[in-house]
Structure formats: C-alpha cells, structure tokens
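Here is a briefing on one protein chain.

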Amino acid sequence: MVDPIVSSSEFRQRNASPKIYQDARNILSNVGFFEGTEKLLEVWLGPELGVPMEEKPLVGDDNVPSKTSEQSVSPSLRLISESEWNHILKHYAKCTIVSVISNDKIDAYMLSESSLIVYDNKFILKTCGTTTPLAALQPILTLAREKCKLSIVKDVFYSRRGYSDPFAQVSPHRSFDEEVKYLSGLFGSSSAYIMGRLNGDPWYLYTVDNDNVNQQADQTFEVLMTSLPSQVMSHFTLAVHGTAEEMCEAVGLKSIFPSFTFDLRAFDPCGFSLNG
C-alpha cells in the first residue's frame with residue numbers, strides 16, 4: 001500500500017518543526033492569484049491521408065526557423081530541435097522550456113508552465129496561467145510540414161475546465177467561444193461541447209470533424225484536484241520541502257511509479273511540476 005502523503009506527525013519525526021507548517025500556510029495565504037486551470041492541446045499528424053493543412057504565412061515574426069533541406073528520414077515531430085520548440089513556445093504560447101528528458105518513444109519537455117510531450121506523430125501541449133497555446137498551433141503545424149514532412153492533421157483535441165478568473169486570460173483564450181472560433185478558422189468543420197453545469201465547474205472540449213480520424217488506440221487520463229487542505233498543499237512549498245526531489249518523495253509519487261525516470265521542478269515559494 002502506498003502512503004500518498006506524509007502525515008504531520010511523521011514529518012515532525014524527521015526533525016521538522018511545526019513552525020515550518022505555519023510558515024507554509026503563510027506562504028499559501030499570501031501568494032498572489034495564479035490560474036491553475038490547464039489548457040490541454042493534443043494533435044495527431046501524418047504524412048498521408050486526410051486533408052493537408054492550408055499553406056498560411058506566419059504573421060508578425062520573421063524569426064521562425066526556416067525550411068530545412070530535404071532529408072531522407074522518416075517523418076517525425078522529434079526532428080524539431082529544442083531550440084525550435086523553445087522559439088515557438090516563447091513567442092507564441094508565452095512560456096519557455098526549462099528542461100527535457102527523452103526515451104526511444106518521446107521527448108518530454110518541462111515548461112515554465114506545465115509540459116510539452118512530443119511523439120513521432122503526436123504532440124501534447126499542456127499549459128496553465130495566462131499562456132496562449134492555441135496561438136502556437138499554426139507555427140507548430142508549419143514547422144511540422146516543412147521540417148518533418150507531416151502535413152496532414154489527423155485529429156485535434158482541445159480541452160480545459162472553467163477558468164477561476166476568465167477575465168485574466170488573453171486572446172485567443174478569453175472565452176470558449178473565442179477558442180472555438182480560432183480553432184475552426186484553422187481546421188474548418190469541428191465539434192465543440194460543454195459538459196457539466198454552467199453555474200458549476202464545466203468542462204470544455206473541442207474536436208475536429210475528420211473522415212480520416214486517427215485509428216491508433218489512444219487514451220488520455222487526467223486527475224484534477226482543487227481546494228486541497230492547506231496541510232496537503234504545504235508539501236509543495238519550499239518552506240516544508242527544500243527540493244523537488246523531497247516533494248516527490250513526500251507525496252509518494254516514486255512509490256506509485258517506481259520504474260519511472262522523473263524530471264522534477266520546485267517553484268519559489270510554492271509549486272511543483274513533474275514529467276515522467
């Protein structure tokens with residue numbers, strides 16, 4: 001059995017003073033507002049079938065990486081370099097790459113706001129705060145077409161829960177209507193859904209209508225937790241645990257995923273991010 005959270009008594013046995021928890025509670029109560037809702041963009045691409053993306057020039061930026069020379073390599077999004085990803089993310093999505101880990105299947109980029117996961121034929125861009133991942137979509141598709149020879153959009157999913165403060169968001173994320181309009185302008189026929197109570201905690205979902213839908217089995221499993229007790233949240237403050245490794249150990253993640261390689265980051269004064 002995994003003990004997911006170290007109890008306060010157990011933590012004190014590790015020479016931690018109760019004052020540390022009070023310091024953590026003070027940090028959590030004084031930290032400014034941050035939009036924790038994550039915008040999740042998943043895109044599947046292919047070199048054939050479906051309908052090719054329309055050729056569209058990038059507006060307002062002459063520094064997008066140029067078209068690469070022809071290469072006899074298999075089409076893959078992993079041909080895009082870290083510097084090319086970082087350029088697009090910084091200028092369009094308003095976030096940056098912090099670190100990266102890779103295996104033979106994926107490249108997992110830790111971002112200043114969440115993560116970018118890159119497969120051969122798929123990428124997942126998940127960002128929080130006031131980032132603008134949809135604004136990065138067209139530059140990514142252009143680079144995928146030019147450098148990776150992946151010109152066919154097979155499937156697109158965009159989803160998120162309701163914002164805590166929608167008025168803090170910037171275009172094209174100021175409302176779900178604006179997001180749908182922006183995506184429909186890129187992909188045409190599509191479907192948009194709102195699940196749950198509009199006066200509660202709704203979930204928004206957009207997907208393209210495509211006769212050549214990606215046939216590969218694929219699932220995304222998400223767990224969202226809000227309004228956690230302060231003692232639980234205190235484990236993600238530097239006042240309680242001085243490093244990301246200590247945070248990961250304290251909440252039991254290494255016990256749940258013992259064979260995983262982790263890329264960890266702790267934020268000052270509070271916050272924790274992990275790719276594995």
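A nonpolar patch joins Val, Leu, Ile, Met, Phe, Trp or Tyr side chains within 5 Å, each residue having over 30% relative accessible area and no salt bridge. Phe221, Val223 and Met225 form such a patch on the surface. The model is predicted. The chain has 276 residues, and 41% of them count as buried.

**Overall make-up**

- The secondary structure comprises 8 helices and 10 strands.
- The chain exposes about 14,800 Å² of accessible surface. Carbon and sulfur atoms account for 52% of that area.
- Among contacts with a separation of 6 or more, 67% join residues 24 or more positions apart.

**Nonpolar cores**

- The largest nonpolar core holds 39 residues. Leu41, Leu116, Phe123, Leu137 and Phe187 have the most contacts inside it.
- Helix 4, residues 137-148, gives the most to this core, with 6 residues.
- What does Leu137 touch, leaving aside residues up to four places away in sequence? Its partners are Leu41, Val43, Phe123, Leu183, Leu186 and Phe187.
- A second core is separate and has 5 residues. Leu40, Ala108, Ile117 and Ile124 are among them.

- Helix 3 spans residues 82-93. Its buried residues include Glu84, Trp85 and His87. Ile88, Leu89, Tyr92 and Ala93 are buried in this helix too.
- Which elements do the buried residues of helix 3 pack against? They meet strand 2 (97-102), strand 3 (107-111), strand 4 (114-118) and strand 5 (122-127). Helix 4 is another packing partner.

**Aromatic pairs**

- The structure holds 6 aromatic pairs.
- Trp44 and Phe157 make an edge-to-face pair, because their planes stand at 75° and their ring centres are 5.7 Å apart. Planes over 60 degrees apart count as edge-to-face.
- This pair links distant parts of the chain. Trp44 sits in strand 1 (residues 39-46) and Phe157 in strand 6 (residues 152-161), 113 residues apart.
- Trp44 is buried, at 6% relative accessible area. Phe157 is partly exposed, at 29%.
- Phe236 and Phe272 form a tilted pair, because their planes lie at 35° with ring centres 5.6 Å apart.
- Phe236 is in the loop between helix 6 and helix 7 (244-250), while Phe272 is in strand 10 (residues 272-275). The pair therefore ties together parts that are 36 residues apart in sequence.
- Phe236 counts as partly exposed, with 23% relative accessibility. Phe272 also counts as partly exposed, with 22%.
- Phe257, Phe260 and Phe262 are linked into a cluster by ring pairs.

**Surface patch**

- Together, Phe221, Val223 and Met225 have about 420 Å² of accessible area.
- Where does Val223 lie? Val223 is in the loop between strand 8 (203-208) and helix 6 (230-233).
- Is Val223 buried or exposed? Val223 counts as exposed, because its relative accessibility is 59% and the cut-off for exposed is over 50%.

Note on methods. Residues are numbered from 1 along each chain as its sequence is written. This is a predicted model: local features need pLDDT of at least 70, side-chain atom pairs count only at pLDDT 80 or more; totals for chains, interfaces and linings use all residues. Side-chain values use heavy atoms; hydrogens and water are left out. A nonpolar core is a set of buried Ala, Val, Leu, Ile, Met, Phe, Trp, Tyr and Cys residues joined through side-chain atoms within 4.5 Å. Buried means under 20% relative accessible area, exposed over 50%, partly exposed in between (1.4 Å probe, protein chains only). Helices (H or I, at least four residues) and strands (E, at least two) are DSSP runs, numbered from the N terminus. Contact means heavy atoms within 4.5 Å. Patches are made of residues with over 30% relative accessible area and no salt bridge: like charges are joined within 9 Å, nonpolar side chains (Val, Leu, Ile, Met, Phe, Trp, Tyr) within 5 Å. Accessible areas come from the Shrake-Rupley method with a 1.4 Å probe; for residues, only the protein chains shown count as cover. A salt bridge is a side-chain nitrogen of Lys or Arg within 4 Å of a carboxyl oxygen of Asp or Glu. Rings of Phe, Tyr and Trp (its six-membered ring) pair if their centres lie within 6.5 Å; planes under 30 degrees apart count as stacked, over 60 as edge-to-face and the rest as tilted.
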